[in-house]
Structure formats: C-alpha cells, structure tokens
Amino acid sequence: MLFTLKKVLGGMMLPLPLLLLLIAFGIALLWFSRFQRTGKLCVSLGWLLLLLLSLQPVADSLLKPIEDKYPTWRGEKRVQYVVVLGGGYTWNPDWAPSSNLINNSLPRLTEGIRLWYENPGSKLIFTGAAAKTNPVSTAEAGARVAESLGIPRSEILVLDKPKDTEEEAAAVKMAIGDAPFLLVTSASHLPRAMIFFAAPG
C-alpha cells in the first residue's frame, strides 16, 4: 500500500501532471469561486509552461546541465557490467518486442546495448520488478527485447526484485560487488539514481 502510494505521489510530482493539476485548479476557481483573477492566472501560467516544456529547445536546455555533469561514456575505461535501470513498459507477446518498452525505456535499452558492444566480455544487467498489471518484470521485458536484438541470453543478468531506484542500487551492489560498471537511465533521472548508486559504494 505504501509503495503504491509512493509511486502515485511520485508520478504526480512530474512536470506534466503538476501542470495539468494547476490548470484544473484554475478552471475550478473560474467555475466555482469568486477568485476569477487567480483562476485565470493558474490556467494561463499552466498552459504557458506546458507549451514551453513541449518545445524541444527548451527541454534540451533544461536537461543540458545534467548531461554535462554526467557525460555519455566514450570508451575511456572498459567495464565489466552495463546496468540498465527499469522504466515504463508493458508486455504483450503478440507485439513486436520493442513495442513493449514505453516512454524512455527503449532509448535506455538501445544505449545499454551500444555500451555492451563497446565493452567486449561485459554483462548486460536489467533491473526492475513486475508491475501489478504485467505478467513479466520490467527487467525481464528489457532482457527479452535485448535478446530479440541479438544479445545472447548468457550475457544478460536479470534483477527483477527491486521496486524502486534505491532497491535497484542495493541489488546491483549485491550482484556485482565493487566491479566497475556503466549506469544507463534517463537524463532527468540521473541525479536521483546517482544518490543511491553512490551510497552503496
């Protein structure tokens, strides 16, 4: 129950839900209160911010400081593992495998595969537990898509117990110890992920 509540509240704190709530609040004020000016301000501000965040140059400029702080690996030092954190997914065996990865999950996977090829002999690790509505875990979904793209199953490790980023970091630490690895996730998720992955050492 607490985990579900945490996921719901966490999802509501993302920019799109927050802005939609702001707009909805403004509409409610316009319809059901005398605070017309405040309602107009909420609707206008929410709409304007939503428009700005929808523009690729604006989104890129907001992510650039994070990407500069955590640059993409360019072959500086070989590693033994490539860790791809779980993200949005579903699972329908009748679909093309890659169609089951949604939002930023597919770019994470393709980058993980690129890094795996750049590090011969390394293992590709997928993390993440199963959502309540899915028959397989997000880690297993990623592994199956990678396998469909030519990665041998023997080169893949599946950590399908962790339910959030903190648990993913602990599971990776338990699985590989202090071995060097590359971490793959979305740019906007990197600061949070680094907090937990730096903590176990």
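Start by selecting Phe181, which is partly exposed at 28% relative accessibility; here buried means under 20% relative accessible area, exposed over 50% and partly exposed in between, with a 1.4 Å probe and protein chains only. Before going further, note that this is a predicted model, in which local features need pLDDT of at least 70, side-chain atom pairs count only at pLDDT 80 or more, and totals for chains, interfaces and linings use all residues. Residues are numbered from 1 along each chain as its sequence is written, and side-chain values use heavy atoms, with hydrogens and water left out.

**Aromatic pairs**

How many aromatic pairs does a search of the whole structure find? The search gives two, where rings of Phe, Tyr and Trp (its six-membered ring) pair if their centres lie within 6.5 Å, and planes under 30 degrees apart count as stacked, over 60 as edge-to-face and the rest as tilted. Phe181 and Phe197 make a tilted pair, with 6.1 Å from centre to centre and 55° between the planes. Phe181 belongs to strand E4 (residues 181–184) and Phe197 to helix H8 (residues 190–198), so this pair ties together parts that are 16 residues apart in sequence. The element names follow DSSP runs numbered from the N terminus: helices are H or I with at least four residues, strands are E with at least two.

Next select Trp116 and Tyr117. Their ring centres are 4.9 Å apart and their planes stand at 70°, so this pair is edge-to-face. Trp116 is buried, its relative accessible area being 12%.

**The whole chain**

Zoom out and colour by secondary structure. The chain has eight helices and four strands, and from the N terminus on the order is α-α-α-α-β-α-β-α-β-α-β-α. Along the principal axes, the C-alpha atoms fill a box of roughly 65 × 35 × 35 Å. Of the 201 residues, 34% count as buried.

Now colour residues 1–54 as domain 1 and residues 71–198 as domain 2; these bounds come from an automatic or database domain assignment. The C-alpha centres of domain 1 and domain 2 lie 32 Å apart.

**The nonpolar core**

In soluble globular proteins, nonpolar side chains tend to be buried together. Select Leu109, Leu124, Phe126, Ala146 and Ile151, the residues with the most contacts inside the largest nonpolar core, which has 23 residues. Such a core is a set of buried Ala, Val, Leu, Ile, Met, Phe, Trp, Tyr and Cys residues joined through side-chain atoms within 4.5 Å. Strand E1 (81–84), H5, E2, H6 and E4 each supply at least two residues of this core. Which element gives the largest share of this core? That is H6, with five residues.

**The cavity**

Hide the surface and look inside. The whole structure holds one cavity of 30 Å³ or more, and the largest cavity has about 80 Å³ of space. On a 1 Å grid over the protein atoms alone, a cavity is a set of points where a 1.4 Å probe fits but cannot get out, and lining residues have an atom within 4 Å of a point. Grid points are joined across faces, edges and corners, and a volume is the space filled by probe spheres set on the points.

Select Val84, Leu85, Gly86, Gly87 and Ser105: of the 13 lining residues, these are the closest to the centre of the largest cavity. Helix H5 (105–118), strand E2 (123–127) and helix H6 (138–148) each contribute at least two residues to its lining. By class, this lining has six nonpolar, six polar and one charged residues; Ala, Val, Leu, Ile, Met, Phe, Trp, Tyr, Cys and Pro count as nonpolar, Asp, Glu, Lys and Arg as charged, and the others, Gly among them, as polar.

**Loop residues**

Move to the loop between E1 and H5, where Asn92 lies. Asn92 is partly exposed at 23% relative accessible area, and its C-alpha atom is 8.8 Å from that of Asn134, 42 residues apart along the chain. Pro97 is in the loop between E1 and H5. The C-alpha atoms of Pro97 and Gly142 are separated by 9.0 Å.

Finish with Asn103, also placed in the loop between E1 and H5. Is Asn103 buried or exposed? Asn103 is exposed, with a relative accessible area of 66%, and its phi is near 55°, a positive value in a residue other than glycine.

How values were computed. On a 1 Å grid over the protein atoms alone, a cavity is a set of points where a 1.4 Å probe fits but cannot get out, and a pocket is an open set with protein on both sides within 12 Å along at least five of seven lines; lining residues have an atom within 4 Å of a point.
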